[in-house]
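Let's take a walk through this protein, one stop at a time. Have the model open and follow along.

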Amino acid sequence: MALSRRAFIGRSLVAAAGLTVADWLWLGQDGAIGTAIAQTTPSVPEIFKVPPLPYAYDALQPTIDRETMEFHHDKHHAAYVKNLNTAIAPYPDLHQKSIEELISNLDALPADIRTAVRNNGGGHDNHSLFWAGMGPNAGGQPTGAIGRAITDTFGSFEALQTAFNQAGAKRFGSGWAWLVLDRQGKLAVTSTANQDSPRMDGQTPLLGNDVWEHAYYLNYRNRRDEYLKQWWNVVNWPVINQRYEAAKA
Ligand code: MN3
């Protein structure tokens, strides 16, 4: 018995939407399927996940307000992860790779997903570093090996702050300010556009500040300079020091 036209179209749409047959049967009447597809997000495999914040949404107040943290972590970061997973879903060979491996060698990726991984893989890695590199009751002077390296390289912590804040302020449009370990194993201040990662240039990111407007606009409005200045109050130096020692090892 041949499938009716309705059944054929219905099954095709069910497959396209990632619905199960049971979902489709439950939908019932003609016409309901289109509405259901519009309301049902096709399932995206959870290859990468958004790491939970290691502190409460309001823990960084008054430097970063609760609402900014909620939207930034739960909406912005989640979108990068979902888009990254969607991009690599058709390529099982990529599913076991770390995010560092994926974005450190973009040329090795299939050409049709290179831009998506650059933007969304970069976004995932940058934000994961960002959350973990901040904390409540933080800030102050950098300690340990990173503290000594900062003094040796820049002359003082204040000189690093000045260079870093300038990098963030001068970044036109959206991007990041960074303290990195460069290819020669030396500390350096850089800036990247959009969600590009220092890893894409063979550098290791140690400390990054997000200067996209979504990171500060609710609280600081257009005053990016003020955000950059205040942000040092939430830098978690013990974590940054661990990254430095791991990168040097
Ligand atoms: Mn952001």
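N120 is buried, with a relative accessible area of 11%; buried means under 20%, exposed over 50% and partly exposed in between, using a 1.4 Å probe and protein chains only. Before we go on, a word about the model: it is predicted, so local features need pLDDT of at least 70 and side-chain atom pairs count only at pLDDT 80 or more, while totals for chains, interfaces and linings use all residues. Residues are numbered from 1 along each chain as its sequence is written, and side-chain values use heavy atoms, leaving out hydrogens and water.

You'll find N120 in helix α6, residues 114-132. (Helices, H or I with at least four residues, and strands, E with at least two, are DSSP runs numbered from the N terminus.) Which residues does N120 touch, not counting those up to four places away in sequence? They are A79, Y80, N83 and L84, where contact means heavy atoms within 4.5 Å. The C-alpha atoms of N120 and V81 are 6.6 Å apart, although 39 residues separate the two along the chain.

Now hop over to helix α4, residues 66-88. Its 23 residues reach 32 Å from first C-alpha to last, close to the expected 33 Å, a span worked out as 1.5 Å times one less than the number of residues. Still, α4 has a kink of about 30 degrees centred on H72; the bend is the angle between axes fitted to the seven residues ending there and the seven starting there. Buried residues of α4 include H72, Y80, V81 and L84, and the buried residues of this helix pack against α5, α6, β3 and α9.

Next comes the largest nonpolar core, with 38 residues. Such a core is a set of buried Ala, Val, Leu, Ile, Met, Phe, Trp, Tyr and Cys residues joined through side-chain atoms within 4.5 Å. Its largest share, 6 residues, comes from β1. Where does this core lie relative to domain 1 and domain 2? Both domain 1 (5-37 + 62-132) and domain 2 (144-248) give residues to the core, so it lies between them; the domain bounds come from an automatic or database assignment. L207 is one of the residues with the most contacts inside this core.

Last stop: N209, in strand β3. At 0% relative accessibility, N209 counts as buried. Leaving aside neighbours within four places in sequence, the contacts of N209 include F130, W176 and Y227.
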